[in-house]
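Subject: Structure for you to look at

Hello,

Here is the structure I promised. Please open it beside this email and follow along.

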Amino acid sequence: NITLTAADVGAVPLASIALPNLLLNSDFGVNQRGQTSYSKGRYTADRWYNSSAGTVTIAASTLPNGTAKNMLVISQQASQNTVSQPMENLDSVLGQELTACFWAKAAKAGQMRVGIANDIDTVLNVTTAWKKFTVSLNPTARNSSIWTVDGLFFQSAVSSAALGTLYIAEPQLVYGSFAGVY
């Protein structure tokens, strides 16, 4: 049993309690297709879509804190490789303050992007060591005509300086600025 005091509840935005993570299958544990590796233009672990990466692999996590069971391994195909979780309820988050939180590392240091529906994105510096990222996102419009990026996306290699392979673990997307428990 967990007992919460008024001080505990007051420190957490109500929306974070009601909808703690807007992403489904954020631990990549549901994999009805039964494969460990997926090619471009296909769904991978349930709800995650490989838009343009060479391959996306579901692998045992190597996070040093040991909290994640699985991770996505996004292998380079071109200069930009995108994996996303399309959101059927995207219109309900437009105009809302959101926070994305996740762990990432790459085979080579470089830049990656995280964003929602191509409306807003943030460029991040990724190294060869695991790092936790927390990003504020405030999407205002559905600019994408491509369903597969109408949601949260991760994209490797913003420029021609390719990351090689990008590793993502424990992604979450929440209302407000509360980054969650990861």
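Does Asp46 count as buried or exposed? Asp46 counts as buried, because its relative accessibility is 11% and the cut-off for buried is under 20%. Keep in mind that this is a predicted model.

Now find Asp46 in the chain. It sits in the loop between strand S2 (42-43) and strand S3 (49-50). Leave aside residues up to four places away in sequence, and Asp46 touches Leu24, Asn25, Val30, Asn31, Gln32 and Arg33.

Next, the whole chain. The protein chain has three helices and 12 strands. It holds 182 residues, and 45% of them count as buried. Take the contacts between residues at least 6 apart in sequence: 65% of them join residues at least 24 apart.

Then the sheet. Six strands form an open sheet, in the order S1-S4-S5-S12-S7-S10. Their pairing is antiparallel. Strand S1 (37-39) and strand S10 (131-137) stand at the edges. Each has a single partner strand, so one side of each is left without a neighbour in the sheet. On average, neighbouring strands of this sheet are turned by 30° against each other, direction ignored.

Last, one pair in detail. Strand S7 (residues 98-106) and S10 run antiparallel, joined by seven bridges. You can look for one of the partners yourself: Thr99 has Ser136 in S10 as its bridge partner.

Best wishes

Conventions. Residues numbered from 1 in each chain as written. Predicted model: local features only at pLDDT ≥ 70, side-chain atom pairs only at ≥ 80, totals over all residues. Heavy atoms only, no water. Helix = DSSP H or I, 4+ residues; strand = E, 2+ residues; numbered from the N terminus. Buried < 20%, exposed > 50% of the residue type's maximum accessible area, 1.4 Å probe, protein only. Contact = heavy atoms within 4.5 Å. Pairing = 2+ DSSP bridges. Axes fitted to C-alpha atoms, helices over the stretch in contact; angles between N-to-C directions.
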